[in-house]
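Here is a short briefing for a reader new to this structure. Look at the model first, then read the points below.

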Amino acid sequence: MADITRRLGWRHLRGAPTAHVRHHRSGRLAHDGPGLSFWYRSLTATLSEVPVDDRELAMTFHARTSDFQDVAVQATVTYRIVDPGVAATRLDFSIDPDTGSWRGAPLEQLGSLLTETAQQHALDVLARTTLAAALVDGVASVRERIAGGLGAEPRLPATGIEVVAVRVVALRPEPEVERALRTPAREQIQQEADKATYERRAVAVERERAIAENELASQIELARREEQLVDQRGTNARREAEEHAAADAVRAGAEAARTVRLAEAEGSRVVQLAKAEATAAREVGEARAAAQAAWLRVHGDVDVATLHALTGTRLAENLPRIDSLTVSPDVLTGLLARLGNGAVGRPEQ
């Protein structure tokens, strides 16, 4: 929109570089071009402002495919006004000289023209296409058909309009149909996901099995080595026991030989000692016998009284020690009587 300033009944317009301004004063063209700036009187001036920049027009319309399915087409058309003079004569781009706003809605008219033209060509191509084909390849075909149709539309150049680009954003079926169409794809995706999950689990199980087999093989190898170790230890223990037994046998043999030698030496010594003792005993016995015989011979020649005296002496030697002796009269009388009888009965020599 143009920038208009008021000064004492005069108006000053300052246009934008992207807006083409046409100023008619009293029916004659006074100013014509983009980005103008000038003074004018509002009572005698007729102003038109035509945008010359690229404009984006978003459009949405419904179409029906060959299998009688409704689809929503979302497209964007980029256009520009290349001949502002023609466009100003074909469409109402006049502005209020006091406010600078458009008196009508020229861009809406232009949008309706482009939308209806594009819709006509899109409906034409979708009416001969099935829903499945439209969803797969419909975007490119619809875009090409709309671009070709707008380029060949004679009214657009006659209005001073040039189509720069056409973009088809999406072709969407009705929500129920879209959900129905998504179901097989979702099922397929879910199946692929499940398959991938199963394969991943299978790989995991296979890896776990391989790990378990490796662990089992390691345990078996360890058990085998432990068995070898036990056998080796047993062999070593047996060898050590045999060596100890051999050493013990050698020591026992040596000890037995030494014992035998000691026993033999001791036996010979004992025999000699026994012989010596026997000889000494025999000699002692012989001496005692000789002494006894001599004693008997000596006593055989002695009288009985002497023998009694000797017997009493020997008896007294063998009696225990007597500290005190008390002789009663009766005992003394008996002893004296015995002594007397003995003296009477002894023969005279």
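Is Asp53 buried, exposed or partly exposed? Asp53 is partly exposed, with a relative accessible area of 26%; buried means under 20% relative accessible area, exposed over 50%, and partly exposed in between (1.4 Å probe, protein chains only).

This is a predicted model, in which local features need pLDDT of at least 70, side-chain atom pairs count only at pLDDT 80 or more, and totals for chains, interfaces and linings use all residues. Residues are numbered from 1 along each chain as its sequence is written, and side-chain values use heavy atoms, with hydrogens and water left out.

**Salt bridges**
- The structure holds 17 salt bridges, each a side-chain nitrogen of Lys or Arg within 4 Å of a carboxyl oxygen of Asp or Glu.
- Asp53 pairs with Arg55 in one of them, with the closest N and O atoms 3.2 Å apart.
- Arg55 is partly exposed, at 28% relative accessibility.
- Glu178 and Arg172 form a salt bridge of 3.6 Å, N to O. Glu178 is buried at 18%, whereas Arg172 is partly exposed at 41%.
- Arg224 and Glu221 form a salt bridge of 2.2 Å, N to O. Both lie in helix H5 (residues 175-300), 3 residues apart, about one turn of the helix.

**Sheet**
- Helices (H or I, at least four residues) and strands (E, at least two) are DSSP runs, numbered from the N terminus.
- Four strands form an open sheet in the order S4-S3-S6-S9, with antiparallel pairing; two strands pair if DSSP finds at least two bridges between them.
- S4 (28-34) and S9 (94-95) stand at the edges with a single partner strand each, so one side of each lacks a neighbour in the sheet.
- S3 (residues 19-25) and S6 (residues 45-51) pair over 7 bridges. Arg25 stands opposite Ala45 in S6.

**Aromatic rings**
- The whole structure has 2 aromatic pairs. Rings of Phe, Tyr and Trp (its six-membered ring) pair if their centres lie within 6.5 Å; planes under 30 degrees apart count as stacked, over 60 as edge-to-face and the rest as tilted.
- Phe38 and Tyr40 make a tilted pair, with centres 5.9 Å apart and planes at 55°. Both residues are buried.
- Phe93 and Trp102 make an edge-to-face pair, with centres 6.2 Å apart and planes at 70°. Phe93 is buried at 1%, but Trp102 is partly exposed at 31%.
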